Amino acid sequence: MIFRDLGPVRQVAYVVHNIRAAMAHWIDTMGVGPFFYFEEAPVRDLRYNGAPCDARLGVAFANTGSMQIELVQPLDHHPSAFRAFLDSGREGQQHLAYWTQELDLWVDRARSAGLPIVHTGYTGAPDGRFAYVDTRGLNGTMLEISEVQGRKAQFFAEVARAAAEWDGADPVREMGI
């Protein structure tokens, strides 16, 4: 019950070979959109297993109700949890994410429970940090603890608002870095 008080799961993330095909599937088959697509994710200070990581990632976000869907496509062969997932022959759901404003507390709890932190970094601004916890031995998937405040919180709120108002037009919204 390490993460019991962290709140609900807020995001389901899928690692894919072809992010455009994945977005088309979610839009056309699942009726989920619009997707906010970053050809290259604005990730800073990315670390994998404690070492600096130069991996480049394409990412897209959309909501279905209160649940956010994230699509991730590794754009190179630099080591990362996402590249390792694809290289193991898998494609699909790779992690679940919880959102918090107390990242350090939850990372400390994960470490105290003996769970490895495999990825860290931030998006948007330094208050948009994240940590990936290897919980695969517990539930078959990784867990992301995502610090959601400031610019990142505003962006996630915009994704949710756009989904709630979406009429099917403009299904993929290209985002700059």
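**Group meeting: salt bridges, rings and a buried glutamate**

Arginine 83 and aspartate 87 share helix 2, residues 81-87, and sit four residues apart, about one turn of the helix. They form a salt bridge, with the closest N and O atoms 3.3 Å apart. Keep in mind that this is a predicted model. Now look at the two ends of that bridge. Arginine 83 is buried, because its relative accessible area is 10% and the cut-off is under 20%. Aspartate 87 is exposed, with a relative accessible area of 56%.

How many salt bridges are there by this rule? The count comes to eight. I will take two others.

One joins arginine 56 to glutamate 40, at 3.1 Å, N to O. Both partners are in loops. Arginine 56 is in the loop between strand 4 (51-52) and strand 5 (57-64), and glutamate 40 is in the loop between strand 2 (35-38) and strand 3 (43-48), so the bridge ties together parts that are 16 residues apart in sequence. Arginine 56 is partly exposed, at 36% relative accessible area. Glutamate 40 is partly exposed too, at 28%.

Next, aspartate 104 and arginine 129. Their closest N and O atoms are 2.9 Å apart, and they form a salt bridge. Aspartate 104 lies in helix 3 (residues 103-112) and arginine 129 in strand 9 (residues 129-133), so this pair ties together parts 25 residues apart in sequence. Aspartate 104 is partly exposed, with a relative accessible area of 46%. Arginine 129 counts as partly exposed, at 25% relative accessibility. Glu147 joins in as well: Asp104, Arg129 and Glu147 are linked in a network of salt bridges.

Now a charged residue with no such partner. Glutamate 144 is in strand 10, residues 142-147. Which side chain of opposite charge is nearest to glutamate 144? Lysine 152, at 4.8 Å. What glutamate 144 does have is a polar contact: its side chain and that of histidine 95 are joined at 3.1 Å. Setting aside neighbours within four places in sequence, the residues in contact with glutamate 144 include Gln11, Glu70, Leu96, Tyr98, Phe130 and Tyr132.

On to the rings. A search of the whole structure finds eleven aromatic pairs. Tyrosine 14 and tryptophan 26 are one of them: centres 5.3 Å apart, planes at 55°, so the pair is tilted. Tyrosine 14 is in strand 1 (residues 9-15) and tryptophan 26 in helix 1 (residues 19-28), twelve residues apart, and the pair links distant parts of the chain. Tryptophan 26 counts as buried, at 12% relative accessibility.

Compare tryptophan 99 and phenylalanine 156. Their ring centres are 4.8 Å apart and their planes are at 25°, so the pair is stacked. This pair also links distant parts of the chain: tryptophan 99 is in strand 7 (residues 92-100), and phenylalanine 156 is in helix 5 (residues 150-165), 57 residues apart. Both residues are buried. They also belong to one aromatic cluster, made up of Phe36, Phe38, Phe61, Trp99, Phe155 and Phe156.

Arginine 109 has its charged end over the ring of tryptophan 106, 4.4 Å from the ring centre.

Last, two loop residues. Aspartate 134 is in the loop between strand 9 and helix 4 (136-139). Is aspartate 134 buried or exposed? Buried, with a relative accessible area of 17%. Its C-alpha atom is 6.3 Å from that of isoleucine 117, 17 residues apart along the chain. Not counting residues up to four places away in sequence, aspartate 134 touches Leu115, Pro116 and Val118.

Glycine 33 is in the loop between helix 1 and strand 2. Glycine 33 is buried, with a relative accessible area of 2%. Leaving out residues up to four places away in sequence, glycine 33 touches Ala62, Asn63, Ala163 and Trp166.

How values were computed: Residues are numbered from 1 along each chain as its sequence is written. This is a predicted model: local features need pLDDT of at least 70, side-chain atom pairs count only at pLDDT 80 or more; totals for chains, interfaces and linings use all residues. Side-chain values use heavy atoms; hydrogens and water are left out. Buried means under 20% relative accessible area, exposed over 50%, partly exposed in between (1.4 Å probe, protein chains only). Lys and Arg count as positive and Asp and Glu as negative; His and the chain ends are not counted. A salt bridge is a side-chain nitrogen of Lys or Arg within 4 Å of a carboxyl oxygen of Asp or Glu. A polar contact is a pair of N or O atoms within 3.5 Å; within protein, one must be able to donate a hydrogen and the other to accept it, and residues adjacent in sequence count only if both atoms are side-chain atoms. Contact means heavy atoms within 4.5 Å. Rings of Phe, Tyr and Trp (its six-membered ring) pair if their centres lie within 6.5 Å; planes under 30 degrees apart count as stacked, over 60 as edge-to-face and the rest as tilted. A charge sits over a ring if NZ of Lys or CZ of Arg is within 6 Å of the ring centre and within 35 degrees of the ring normal.
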